Amino acid sequence: MGTLMIQIRSGTMMNMDTNVAVKLAAAALDKGHAVKIFGYGEGVTLIKEGQDPKRFPNVGAAISQLVARGAEVTVCSTCTTARGIKRGEEIEGTVIGSITNDLSRFVSESDRMVTLSR
């Protein structure tokens with residue numbers, strides 16, 4: 001099977017992009033594909049531990065399930081710092097990484113790439 005890379009640039013409470021990303025990732029995993037998700041800009045909010053939305057799907061819980069199923073989830077460290085997200089506040093199994101190392105690796109290791117942004 002192939003590898004799907006999803007790049008997400010929208011925040012978890014901005015619109016439904018992150019929900020689309022987690023559903024797409026789950027569907028790809030169901031079909032036997034490997035999944036890599038990279039967030040930057042507002043997309044880094046998808047790895048924030050402790051999300052508790054009242055009227056929106058809980059993206060944090062969905063990310064935890066994807067990681068448990070083998071998805072790699074990494075976000076940009078510069079973007080997390082700019083938004084006040086500190087190391088240790090990320091969902092277990094996710095990584096605060098870099099565009100230079102992680103995004104470029106994800107792209108080179110993937111067969112297909114989808115970008116979700118506003």
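Biologist: Which residues do ring pairs link into a cluster?

Modeller: In this predicted model, rings of Phe and Tyr pair if their centres lie within 6.5 Å, and by this rule the count comes to 2 aromatic pairs. Phe38 and Tyr40 form a tilted pair, with 6.3 Å from centre to centre and 50 degrees between the planes. Phe38 also pairs with Phe106, at 6.4 Å centre to centre. The cluster that these ring pairs link is therefore made up of Phe38, Tyr40 and Phe106.

Biologist: How many residues apart in sequence are the parts that the pair of Phe38 and Phe106 ties together?

Modeller: The pair of Phe38 and Phe106 is edge-to-face, with 90 degrees between the planes. Phe38 lies in strand β2, which covers residues 34-39, whereas Phe106 lies in helix α4, which covers residues 99-109, so the pair ties together parts whose separation in sequence is 68 residues.

Biologist: Is Phe106 buried or exposed?

Modeller: A residue counts as buried under 20% relative accessible area and as exposed over 50%. Phe106 has a relative accessible area of 0%, so this residue is buried.

Biologist: What radius of gyration does the protein chain have?

Modeller: The C-alpha trace of the protein chain spans about 35 × 30 × 25 Å along its principal axes. For 118 residues, a compact globule would have a radius of gyration near 13 Å, and the protein chain agrees with this, because its own value is 13 Å.

Technical notes
Residues numbered from 1 in each chain as written. Predicted model: local features only at pLDDT ≥ 70, side-chain atom pairs only at ≥ 80, totals over all residues. Heavy atoms only, no water. Phe/Tyr/Trp six-rings, centres within 6.5 Å; stacked < 30°, edge-to-face > 60°. Helix = DSSP H or I, 4+ residues; strand = E, 2+ residues; numbered from the N terminus. Buried < 20%, exposed > 50% of the residue type's maximum accessible area, 1.4 Å probe, protein only. Rg over C-alpha atoms; globule rule 2.2 N^0.38 Å.
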